[in-house]
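Here is a short briefing on one structure. Look over the sequence and the model first, then read the notes by topic.

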Amino acid sequence: MAIYLDSAIASEAEIARRMGWVKGITTNPTLLAKSEQPPEATLFQLASLTAGPLFYQVTATDYEGMIAEAQAAYDLIGNQTILKIPATPVGFEVVASLSWEITCSVTGIYHPIQAAIAHEAGAKIAIAYVNRATRLLGDGIALVRDMAAILKGTDTEILAASIKSPDEAALALQAGADHLTLPLAMLQAIATHDLSEKTVAEFNQNGIGIGLKTLELTPNMDTDIDIDMDI
């Protein structure tokens with residue numbers, strides 16, 4: 001399982017990097033539009049801020065354009081590249097053409113049979129927009145569950161995106177998602193729980209630890225310590 005940052009903002013990527021448990025970065029055209037830099041500069045910077053994958057979504061809509069854009073992204077990002085190709089007829093053709101040399105994901109899946117096509121085309125990842133699917137179809141978690149049933153036993157994994165709450169994140173994983181991608185605020189939200197904070201506060205209020213100062217031997221401590229000079 002991997003949890004990714006869904007952002008194209010370098011300052012957010014830096015925060016996610018310091019978290020230590022965020023494994024990579026996903027972007028899309030809308031997120032790249034929020035950066036103050038051109039997409040090429042943004043992607044180059046983001047690649048330097050993660051040791052893991054960096055997802056790039058092609059914007060061209062024709063076969064030749066998608067292929068050219070995908071190659072340009074790979075030339076820029078290198079082996080960190082995971083292409084996001086839309087779940088359209090031409091998109092599946094592009095995946096089938098590129099997946100042998102560049103890691104591909106299929107994005108914008110709204111029916112579980114599209115996950116089967118993604119697998120047959122060679123995609124390593126099938127992306128479901130969970131909350132958006134709930135709004136458009138009625139149950140995004142069911143979509144993930146049905147995709148997981150179809151992809152069981154294959155090497156194609158499910159990435160759940162469009163997650164709007166910690167509960168939705170947990171449900172997506174329980175339904176069979178292999179990975180999550182979340183905006184920074186949601187990454188911070190899933191790491192925080194009021195009861196966890198309360199428990200820590202109670203321990204700190206009622207308990208004691210070693211502190212930050214150098215420990216000193218007290219009269220109650222055994223100071224008769226044999227030291228092996230042969231160490």
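Ile208 is exposed, because its relative accessible area is 85%. The model is a predicted one. Ile208 sits in the segment after α11 (194-206). Its C-alpha atom is separated by 31 Å from that of Ala16, which is 192 residues apart from Ile208 along the chain.

**Largest pocket**

- The largest pocket has a volume of about 490 Å³.
- Its lining counts 21 residues, and the closest to the pocket centre are Asp6, Asn28, Thr30, Leu31 and Arg132.
- Two elements, α2 (29-33) and β5 (104-109), each supply at least two lining residues.
- Helix α2 gives the most to this lining, with three residues.
- By class, the lining of the largest pocket divides into eight nonpolar, eight polar and five charged residues.

**Second largest pocket**

- The second largest pocket holds about 160 Å³ of space.
- Its lining includes Pro29, Leu32, Pro39, Glu40, Leu43 and Tyr56.
- Also among the lining residues of the second largest pocket are Gln57, Thr59, Glu69, Ala72, Ala73 and Leu76.
- Two or more residues of this lining come from each of α2, α3 (39-48), β3 (54-57) and α4 (63-77).
- Here α4 gives the most, with four residues.
- The lining of the second largest pocket has eight nonpolar, two polar and two charged residues.

**Cavity**

- How many cavities of 30 Å³ or more does a search of the whole structure find? The search finds one.
- The largest cavity has a volume of about 40 Å³.
- Its lining is made up of Asp6, Thr26, Asn28, Lys84, Ile127, Tyr129, Leu159, Ala161 and Thr181.
- Strands β6 (125-129) and β7 (157-161) each supply at least two of the lining residues.
- By class, the cavity lining has four nonpolar, three polar and two charged residues.
- Asp6 and Asn28 line the largest cavity, and both are among the residues closest to the centre of the largest pocket.

**Asn131**

- Asn131 is found in helix α7, which covers residues 130-137.
- Is Asn131 buried or exposed? Asn131 has a relative accessible area of 16%, so it counts as buried, the cut-off being under 20%.
- Leaving out residues up to four places away in sequence, Asn131 touches Ala161, Ser162, Lys164 and Glu168.
- One of these contacts, Ala161, is also a lining residue of the largest cavity.

- The whole structure has three salt bridges.
- Glu14 pairs with Arg17, and the closest N and O atoms are 2.4 Å apart.
- Glu14 and Arg17 are three residues apart in helix α1 (residues 10-19), so about one helical turn separates them.
- Glu14 also meets Arg18 in a salt bridge, at 3.4 Å from N to O.
- Glu14 and Arg18 are four residues apart in helix α1, so this pair is likewise separated by about one helical turn.
- Glu14 is partly exposed at 22% relative accessibility.
- Arg17 is partly exposed too, at 43%.
- Arg18 counts as exposed, at 56% relative accessibility.

**Salt bridge between two loops**

- Asp155 and Lys124 meet through their side chains in a salt bridge, at 3.2 Å from N to O.
- Asp155 lies in the loop between α8 (140-151) and β7, and Lys124 in the loop between α6 (112-121) and β6, so the pair ties together parts that are 31 residues apart in sequence.
- Asp155 is partly exposed, with a relative accessible area of 46%.
- Lys124 is partly exposed, at 39% relative accessibility.
- Shared partners join Glu14, Arg17 and Arg18 into one salt-bridge network.

Technical notes
Residues are numbered from 1 along each chain as its sequence is written. This is a predicted model: local features need pLDDT of at least 70, side-chain atom pairs count only at pLDDT 80 or more; totals for chains, interfaces and linings use all residues. Side-chain values use heavy atoms; hydrogens and water are left out. On a 1 Å grid over the protein atoms alone, a cavity is a set of points where a 1.4 Å probe fits but cannot get out, and a pocket is an open set with protein on both sides within 12 Å along at least five of seven lines; lining residues have an atom within 4 Å of a point. Grid points are joined across faces, edges and corners, and a volume is the space filled by probe spheres set on the points. Ala, Val, Leu, Ile, Met, Phe, Trp, Tyr, Cys and Pro count as nonpolar, Asp, Glu, Lys and Arg as charged, and the others, Gly among them, as polar. Buried means under 20% relative accessible area, exposed over 50%, partly exposed in between (1.4 Å probe, protein chains only). Contact means heavy atoms within 4.5 Å. A salt bridge is a side-chain nitrogen of Lys or Arg within 4 Å of a carboxyl oxygen of Asp or Glu.
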